Amino acid sequence: MSKEDLVFEVDGPVAVITLNRPAKRNAITEEMGERLAECLQRIRRDDAIHAAIITGAGGAFSAGADLKQRAAGGGARAKDQSPATVIDARLAPEWSRVPMEKPLIAAIDGYCLAGGMELALLCDIRICSPAAQFGLPEITRGFFAGGGGPQRLARAIPQSLAMEIILTGDRIDAEAALRSGLVSRIVAADALMDTARQIAGRIASHAPLAVRAAKETADAALDQPLDEALRLGQTLRWIIGQTDDAKEGPRAFAEKREPKYRGS
């Protein structure tokens, strides 16, 4: 893989990951997946990065894993000699297992299928062009999505539609994705990245510790009973209230100026 197959850029507090194999509809090779995981880890660890965008070049987000590379290598089981009855979460793509405390935005144009859709589902906010198409077609190839697609999709949209997508392998278009809540807005393709950057910039302008705590609270609420989620939120809210940034916000408001957050 050439490094140009996956481009990582940082513009101030916002990072951008671009899948860049447009001739292959940004199909993700094994090497791209490894570098993607490295980029996500850098976003996690770099305190100067407050938000990130994931997108694809050339009119597609990603058509998923590179099946030609997979077939040439004998399939996913080629490196897995364990009994088929043994389930190991570590066999999922490394990029799908990177914990992420910072907000991720998916800017989706064209195909967002299979592993590409799983990558989009990692993101907190998804926006798309009118040409976007979403699906988990793995079921039609004799297996099913292994990068968290069924699990995350069932949390992201109504159960019946999620199951239809998972079990039929059929695609939905941008309008259906918007109606279901899979994406938050549809924008023209030529405005897609500008819109993503505006959203990312807006998020990055806030106190970074407060943003991370709000994301953690919302993520945890997906799995916790309401009373536990409320307790966690109250605890994190108290912690954030002790930070310098929590004092700077009200002070800046009173002084009629923009706040200067320092992440402390």
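Entry 1: Is Ala114 buried or exposed? I looked it up: Ala114 counts as buried, at 9% relative accessibility. Buried means under 20% relative accessible area, exposed means over 50%, and partly exposed lies in between (1.4 Å probe, protein chains only). I found Ala114 in the loop between β5 (111–113) and α3. Helices (H or I, at least four residues) and strands (E, at least two) are DSSP runs, numbered from the N terminus. The phi of Ala114 is near 50°, which is a positive value in a residue other than glycine.

A note on the ground rules. This is a predicted model, in which local features need pLDDT of at least 70 and side-chain atom pairs count only at pLDDT 80 or more, while totals for chains, interfaces and linings use all residues. Residues are numbered from 1 along each chain as its sequence is written, and side-chain values use heavy atoms, with hydrogens and water left out.

Entry 2: another positive phi. I also checked Lys256, whose phi is near 55°, again in a residue other than glycine. Lys256 sits in the segment after α10 (244–254). With a relative accessible area of 79%, Lys256 is exposed.

Entry 3: helix α1. I counted 16 residues in α1 (residues 30–45). From its first C-alpha to its last, α1 reaches 23 Å, close to the 22 Å expected at 1.5 Å a residue. The expected span is 1.5 Å times one less than the number of residues. Among the buried residues of α1 I noted Met32, Leu36, Leu40 and Ile43. What do the buried residues of α1 pack against? They pack against β1 (6–11), β2 (14–19), β3 (51–56), β4 (104–108) and α3 (115–121). Contact here means heavy atoms within 4.5 Å.

Entry 4: Arg21. I found Arg21 in the loop between β2 and α1. Arg21 counts as buried, at 16% relative accessibility. Not counting residues up to four places away in sequence, Arg21 touches Asp5, Asn26, Ala27, Thr29, Met32 and Asp66. Met32 is one of the buried residues of α1.

Entry 5: helix α5. Which residues of α5 (residues 159–168) are buried? They are Ala162, Ile165 and Ile166. These residues cover an arc of only 95° around the axis, which puts them on the same side of α5. The arc is that of the directions from the helix axis to the C-beta atoms. A reminder to myself: an α-helix has 3.6 residues a turn, so residues three or four places apart point the same way. On the other side of α5, Ser160 and Leu167 are exposed. The buried residues of α5 pack against β7 (133–135), α4 (149–156) and β8 (172–173). Gly169 follows α5, and its phi is positive, near 80°.

Entry 6: α4 beside α5. The two helices pack at an angle of about 155°, with their axes 8 Å apart. Axes are lines fitted to C-alpha atoms, for helices over the stretch in contact, and angles run from 0 to 180 degrees between N-to-C directions. α4 and α5 are therefore roughly antiparallel to each other; the cut-offs are under 35 degrees for roughly parallel, over 145 for roughly antiparallel, 65 to 115 for roughly perpendicular, and oblique for the rest. Where they meet, Pro150, Leu153 and Ala154 of α4 face Ala162, Ile165 and Ile166 of α5 in contact.

Entry 7: Leu122. I located Leu122 in the loop between α3 and β6 (125–128). Leu122 is buried, with a relative accessible area of 16%. Leu122 and Leu153 are 31 residues apart in sequence and 9.9 Å apart in space, C-alpha to C-alpha. Leaving aside neighbours within four places in sequence, Leu122 is in contact with Trp95, Ser96, Leu104 and Arg152.

Entry 8: The axes of α8 (residues 208–221) and α9 (residues 226–241) come within 9 Å and cross at roughly 175°. That makes α8 roughly antiparallel to α9. Residues making the contact include Leu209, Ala213 and Ala220 of α8 and Leu232, Leu236 and Ile240 of α9.
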